[in-house]
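Please look through the structure shown here before reading the notes that follow. They are grouped by topic.

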Amino acid sequence: MRGMAAGFSHVRHSMLVRWAVGLFLALSVGGCASVFSAQVSRYQQWPQGTDGAGYWIAPDAQQQNNLQFQTYADSVRAAIGPTGLVEAANRAQARFIVHIEYSSPRERVWEQRPVDPYFYPGPYYRRWGWGYGPAMENVAVDVYRMTLSVRIDDQSQQGREVYRATAEAGSRRDQLGAAMPYLARALFDRFPGRNGETIQVRYPVK
């Protein structure tokens, strides 16, 4: 079990580094064809016939009167629009209550890099045999794991949870604000999707 957990952690960290490099380039390089990439995990038991139903974004106690939350909530509103739901005038008139969570913790991961990418000395020996190209080394990298999650409860079913999704992307810098419109869009990509699925999404960066 310990070996399985270590393997899972290694795979997750490798994926995170790949997201980090892609997103760093996407959000930092102007004038180039670049993309935003994220992973979305979701669970749903979405009811039928919800077109035109009202929703209300409900802040928790820490999010009340929080300008950062209000800005991120606007990104979620824009992403919900294509689903057919409509923002209600107040909570009491809404069928669906939307809860939002976000974070960007910093994590240390390991990335393989050439010792000198411009110098190819010819054959070199690795512990598993001879190879060609530059020698490689493991380098510690700080990566921000930018995360946006939503939970939607159905008030017509006594507040039963009907949708939960999390979008994650990585970056070498803490760019949660710049990534938020894309993370929000990812949460509702092909909504509501299949229960328990995990998908990769890619969007052109404007």
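**Thr 147 and its surroundings**

Leaving out residues up to four places away in sequence, Thr 147 touches Glu 101, Tyr 102, Ser 103, Thr 166, Ala 167, Glu 168 and Leu 176, where contact means heavy atoms within 4.5 Å. This is a predicted model, in which local features need pLDDT of at least 70 and side-chain atom pairs count only at pLDDT 80 or more, while totals for chains, interfaces and linings use all residues. Residues are numbered from 1 along each chain as its sequence is written, and side-chain values use heavy atoms, with hydrogens and water left out.

- Thr 147 lies in strand S8 (residues 136-154); helices (H or I, at least four residues) and strands (E, at least two) are DSSP runs, numbered from the N terminus.
- Thr 147 has a relative accessible area of 8%, so the residue is buried. Buried means under 20% relative accessible area, exposed over 50% and partly exposed in between, using a 1.4 Å probe and protein chains only.

**The chain as a whole**

- The protein chain holds 3 helices and 10 strands.
- Read from the N terminus, the order of its elements is α-β-β-α-β-β-β-β-β-β-β-α-β.
- Of the 206 residues in the protein chain, 41% are buried.
- Among contacts with a separation of 6 or more in the protein chain, 76% are between residues 24 or more positions apart.
- The protein chain has an accessible surface of about 12,100 Å², and carbon and sulfur atoms account for 52% of this surface. Accessible areas come from the Shrake-Rupley method with a 1.4 Å probe; for residues, only the protein chains shown count as cover.

**Tyr 72**

- Tyr 72 is part of helix H2 (residues 67-80).
- Tyr 72 counts as buried because its relative accessibility is 7%.
- Apart from neighbours within four places in sequence, Tyr 72 is in contact with Tyr 102, Leu 176, Gly 177 and Met 180.
- Tyr 72 and Leu 176 are 104 residues apart along the chain, yet their C-alpha atoms are separated by 9.6 Å.

**The largest nonpolar core**

- A nonpolar core is a set of buried Ala, Val, Leu, Ile, Met, Phe, Trp, Tyr and Cys residues joined through side-chain atoms within 4.5 Å.
- The largest one has 40 residues, and Val 76, Ile 100, Leu 148, Leu 183 and Phe 188 touch the most other members.
- At least two residues of this core come from each of several elements, including strand S1 (35-44), H2, S8 and helix H3 (176-187).
- H3 supplies the largest share of this core, 8 residues.
- Val 76 is in contact with Ile 57, Ile 100, Leu 148, Val 150, Ala 184 and Phe 188, leaving aside neighbours within four places in sequence.

**Aromatic rings**

- Rings of Phe, Tyr and Trp (its six-membered ring) pair if their centres lie within 6.5 Å; planes under 30 degrees apart count as stacked, over 60 as edge-to-face and the rest as tilted.
- The count by this rule is 8 aromatic pairs.
- Tyr 163 and Phe 188 make a stacked pair, 6.0 Å centre to centre with 20 degrees between the planes.
- This pair links distant parts of the chain, 25 residues apart: Tyr 163 is in strand S9, and Phe 188 is in the loop between H3 and S10.
- Tyr 163 and Phe 191 make an edge-to-face pair, 4.8 Å centre to centre with 65 degrees between the planes.
- Both Tyr 163 and Phe 191 are buried.
- One aromatic cluster is formed by Trp 46, Phe 96, Tyr 163, Phe 188 and Phe 191.
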